[in-house]
Amino acid sequence: MKKLTLEYLDWDSEQLGFRCGLIDCTRLKNLPQPVALINNIKKLCEGKNNLEFITIKLPSNYQKAVDLLVKKGVFLIDVELTFSYDGLAVRDVGSIPNNLKFKFCKKFNREVFIPLAREMRLSRFFVDSLISKDKAI
C-alpha cells in the first residue's frame with residue numbers, strides 16, 4: 001500500500017483564511033479494512049493542531065469507514081461523487097445509469113451558478129463558522 005499522507009492545501013488555506021489539509025485515500029491501492037484505515041487516519045491527525053480543517057476522501061465502497069469516523073466525532077459535511085474522464089471514455093466507477101450523458105464545456109458563465117451557491121447550506125464552506133457567507137458563495 002502506498003503510504004497514507006496528510007497534505008497541506010496551500011490554495012484552500014489562502015482562499016479560506018485558515019489552514020486546510022487533505023487525506024486522500026482514493027489514490028491508494030489495497031486499502032486496509034475500515035477499522036484499520038480509521039486508526040491510521042487518527043494516528044496521522046494526532047498532533048496536527050495547526051490544521052483547522054481536514055478533508056478526508058474515501059472510496060465510495062467505504063461507507064463503513066464514514067460511519068466509524070462520524071462515531072469518533074468527525075463532522076460529515078458532504079459527499080462528493082467524482083467521475084474520471086481519460087479523454088476517450090468515462091471509466092467504470094460503479095453503477096452509473098445508462099442514460100447518463102456528459103458534456104464538456106470550454107467556457108461558461110459562472111454567474112448562473114451564484115443562485116445555486118447561495119442555496120448550498122450544507123457545503124463545507126457554509127457550515128464552517130470561520131467562513132463568511134460571501135466567501136462561501
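**Helix packing, cores and sheet in a predicted model**

The buried residues of helix 3 pack against helix 2 and strand 3. Helices (H or I, at least four residues) and strands (E, at least two) are DSSP runs, numbered from the N terminus. Buried means under 20% relative accessible area, exposed over 50%, and partly exposed in between (1.4 Å probe, protein chains only). The model is predicted: local features need pLDDT of at least 70, side-chain atom pairs count only at pLDDT 80 or more, and totals for chains, interfaces and linings use all residues. Residues are numbered from 1 along each chain as its sequence is written, and side-chain values use heavy atoms, with hydrogens and water left out.

In helix 3, the buried residues are A65, L68 and L69. They span an arc of only 100° around the axis, which puts them on the same side of helix 3. The arc is that of the directions from the helix axis to the C-beta atoms. Q63, K64 and K71 are exposed, on the face of helix 3 turned away from its buried side. Just after helix 3, G73 adopts a positive phi of about 105°.

Helix 2 has twelve residues. From its first C-alpha to its last, helix 2 reaches 16 Å, close to the 16 Å expected at 1.5 Å a residue. The expected span is 1.5 Å times one less than the number of residues in the helix. P34, L37, I38, I41 and L44 are the buried residues of helix 2. Seen down the axis, these residues fall within an arc of 120°, so they line one face of helix 2. Their cover includes strand 2 (20–24), strand 3 (53–57) and helix 3. G47 follows helix 2 and has a positive phi, near 80°.

The largest nonpolar core has 16 residues. Such a core is a set of buried Ala, Val, Leu, Ile, Met, Phe, Trp, Tyr and Cys residues joined through side-chain atoms within 4.5 Å. L4, I23, C25, L37, I41 and L58 have the most contacts inside the largest core. Helix 2 (34–45) and helix 3 (63–71) each supply at least two residues of this core. The largest share, four residues, comes from helix 2. Apart from this core lies another, of ten residues, among them F18, F53, F126 and A136. Contact means heavy atoms within 4.5 Å. Leaving aside neighbours within four places in sequence, L4 is in contact with I23, C25, L28, L37, N40, I41 and L44.

Three strands form an open sheet in the order 1-2-3, with mixed pairing. Strand 1 (7–8) and strand 3 are the edge strands, each pairing on one side only. Two strands pair if DSSP finds at least two bridges between them. Strands 1 and 2 run antiparallel and are joined by two bridges. Y8 has G21 of strand 2 as its bridge partner.

Two further residues were examined. D12 lies in helix 1 (residues 10–16). At 15% relative accessibility, D12 counts as buried. Beyond neighbours within four places in sequence, D12 is in contact with G17, C20 and R124. L130 lies in the loop between helix 5 (124–127) and helix 6 (133–136). With 54% relative accessibility, L130 counts as exposed. Its contacts, leaving aside neighbours within four places in sequence, are F18 and E52. L130 and L16 are 114 residues apart in sequence and 8.3 Å apart in space, C-alpha to C-alpha.
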